Amino acid sequence: MYHKITLIGNLGRDPEMRYTPSGQAVCNFSMATTEKWTGQDGQMQERTLWWRVSVFGKQAETCNTYLKKGSKIYLEGRRTGDPSTGGPKLYQKKDGGYGASFDVTANTVKFL
């Protein structure tokens, strides 16, 4: 079985670069995707999903060099869920509420 996810959105923070013990580059950043629509009451509705993205290898180094908070990107990859539930990872926000984010391992990243 195989799955593929395609996203277009904006970086929520500057990328962070690190290297694995074997020397492979890994770049991590958060990305927001937003959909907007008009509800039945005529009011504009909006929903934003947050994605935690990991990019590996030469592409990771390129992302770290050229991307920054607010950059618009297109990516293709695969979603990885929470190992215990298979769903998104839950976290507590600074305001005390709770949120969820999905993890994505990117195969392709294009700068828009």
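**Exercise 1. Sort the residues that line the largest pocket by class: how many are nonpolar, polar and charged?**

Step 1. Start with the lining: Ser30, Thr48, Leu49, Trp50, Trp51, Arg52, Tyr91, Lys93, Gly99, Ala100 and Ser101. This is a predicted model, where local features need pLDDT of at least 70, side-chain atom pairs count only at pLDDT 80 or more, and totals for chains, interfaces and linings use all residues. Residues are numbered from 1 along each chain as its sequence is written, and side-chain values use heavy atoms, leaving out hydrogens and water.

Step 2. Know the classes: Ala, Val, Leu, Ile, Met, Phe, Trp, Tyr, Cys and Pro are nonpolar, Asp, Glu, Lys and Arg are charged, and the others, Gly among them, are polar.

Step 3. Sorted that way, the lining has five nonpolar, four polar and two charged residues.

Step 4. What is a pocket here? On a 1 Å grid over the protein atoms alone, a pocket is an open set of points where a 1.4 Å probe fits, with protein on both sides within 12 Å along at least five of seven lines; lining residues have an atom within 4 Å of a point. The volume of the largest one is about 200 Å³, counted as the space filled by probe spheres set on the points, with grid points joined across faces, edges and corners.

**Exercise 2. Which strand gives the most to that lining?**

Step 1. Helices (H or I, at least four residues) and strands (E, at least two) are DSSP runs, numbered from the N terminus. The chain has one helix and seven strands, in the order β-β-β-β-α-β-β-β.

Step 2. Both β4 and β7 supply at least two lining residues. The top giver is β4, with five.

**Exercise 3. Which residues touch the most other members of the largest nonpolar core?**

Step 1. A nonpolar core is a set of buried Ala, Val, Leu, Ile, Met, Phe, Trp, Tyr and Cys residues joined through side-chain atoms within 4.5 Å.

Step 2. In this core of 19 residues, the answer is Phe29, Trp51, Val53, Val55, Ile73 and Leu75. At least two core residues come from each of β1 (5-11), β3 (25-38), β4 (44-56), α1 (58-66), β5 (72-80) and β7 (98-111).

Step 3. Take a look at Phe29, which is in strand β3. Its relative accessibility is 0%, so Phe29 counts as buried.

**Exercise 4. What kind of aromatic pair do Tyr66 and Phe111 form?**

Step 1. Rings of Phe, Tyr and Trp (its six-membered ring) pair if their centres lie within 6.5 Å; planes under 30 degrees apart are stacked, over 60 edge-to-face, and the rest tilted.

Step 2. The structure holds two such pairs. Tyr66 and Phe111 make a tilted one, 6.3 Å centre to centre with 50° between the planes.

Step 3. Tyr66 is in helix α1 and Phe111 in strand β7, so the pair ties together parts 45 residues apart in sequence.

Step 4. Tyr66 counts as exposed at 60% relative accessibility, while Phe111, at 38%, counts as partly exposed.

Terms used
Buried < 20%, exposed > 50% of the residue type's maximum accessible area, 1.4 Å probe, protein only.
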